[in-house]
Amino acid sequence: MPNEKVVLNGMSMQRALTRITYEIIEKNKGVDNLVLIGVKTRGVYLAKRISSRLKKLENTDIPVIELDVTKYRDDLKDNKSINQAVADNVVEIDNKNIVLVDDVLFTGRTVRAALAAINEIGRPNRINLAVLVDRGHRELPIRADFVGKNLPSSKNEKIKVLVSEIDDRDGVEISQSWD
């Protein structure tokens, strides 16, 4: 069993999401014309939490779109069987300011896939990237606009984001992987 170290506990994770929320408001000069897109799976839960904080601060409902980027991945062998990029695209994204939300930014390939999926469903005004953890090791020229925690790591370490909605607790753990 790998040795896991807690990097963010539940409270520090909540503070990081609150800070990201304030930064989103500041960068967008409010929340008008804003749509959050959460990358499945954990990015969706983080986007919903940010939306909830935005509602409390700005008294406005911010829509959250759930995005499945599997079909757009260039690093998965069998991704041709996936038919739908967006599970619940009932929100118009043309000319909107998008904040793409994901749990961990690593190589940048998930973000590249998400941008391809977004391009298929509309033409937003602007897309910003919010991640809870940026661990480095980029393979593509992609950077996050909003980061909860920069966590330099080696490639043989695993970063695990835990959300209470599916993991029964919140937090971020790092562990050694020997596979």
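The lining of the largest pocket comprises eight nonpolar, eight polar and twelve charged residues (Ala, Val, Leu, Ile, Met, Phe, Trp, Tyr, Cys and Pro count as nonpolar, Asp, Glu, Lys and Arg as charged, and the others, Gly among them, as polar). The model is predicted, and for this reason local features need pLDDT of at least 70 and side-chain atom pairs count only at pLDDT 80 or more, whereas totals for chains, interfaces and linings use all residues. Residues are numbered from 1 along each chain as its sequence is written, and side-chain values use heavy atoms, with hydrogens and water left out.

The volume of the largest pocket is about 490 Å³. A pocket is an open set of points, on a 1 Å grid over the protein atoms alone, where a 1.4 Å probe fits, with protein on both sides within 12 Å along at least five of seven lines; lining residues have an atom within 4 Å of a point. Its volume is the space filled by probe spheres set on the points, which are joined across faces, edges and corners. Of the 28 lining residues, R73, D103, V104, F106 and T110 lie nearest the centre of the pocket. Two or more lining residues are given by each of α2 (42-58), β4 (97-105), α3 (109-121) and β7 (157-162). The largest share, four residues, comes from β4.

The protein chain contains four helices and eight strands; helices (H or I, at least four residues) and strands (E, at least two) are DSSP runs, numbered from the N terminus. Along the sequence these elements follow the pattern β-α-β-α-β-β-α-β-β-β-α-β. Of the 179 residues in the chain, 47% are buried (under 20% relative accessible area, with a 1.4 Å probe and protein chains only). Among contacts (heavy atoms within 4.5 Å) with a separation of 6 or more, 69% are between residues 24 or more positions apart.

Strand β5 (residues 126-134) is joined to β6 by four bridges, and the two run parallel. The bridge partner of V131 in β6 is V147. Angles run from 0 to 180 degrees between N-to-C directions, and axes are lines fitted to C-alpha atoms, for helices over the stretch in contact.

A second open sheet has three strands in the order β1-β8-β7, with antiparallel pairing. One side of β1 (4-8) and one side of β7 are without a neighbour in the sheet, because each of these edge strands has a single partner. Six bridges connect β7 with the antiparallel strand β8 (residues 171-176), and E157 stands opposite Q176 in β8. Helix α1 (residues 10-27) lies across β1, β7 and β8, at about 40° to β1.

Residue I20 is located in helix α1 and counts as buried because its relative accessibility is 1%. Leaving aside neighbours within four places in sequence, I20 is in contact with I50, A130, V131, F146, V147 and G148. Although I20 and V131 are 111 residues apart in sequence, their C-alpha atoms are 8.7 Å apart in space.

Note on methods: Two strands pair if DSSP finds at least two bridges between them. Buried means under 20% relative accessible area, exposed over 50%, partly exposed in between (1.4 Å probe, protein chains only).
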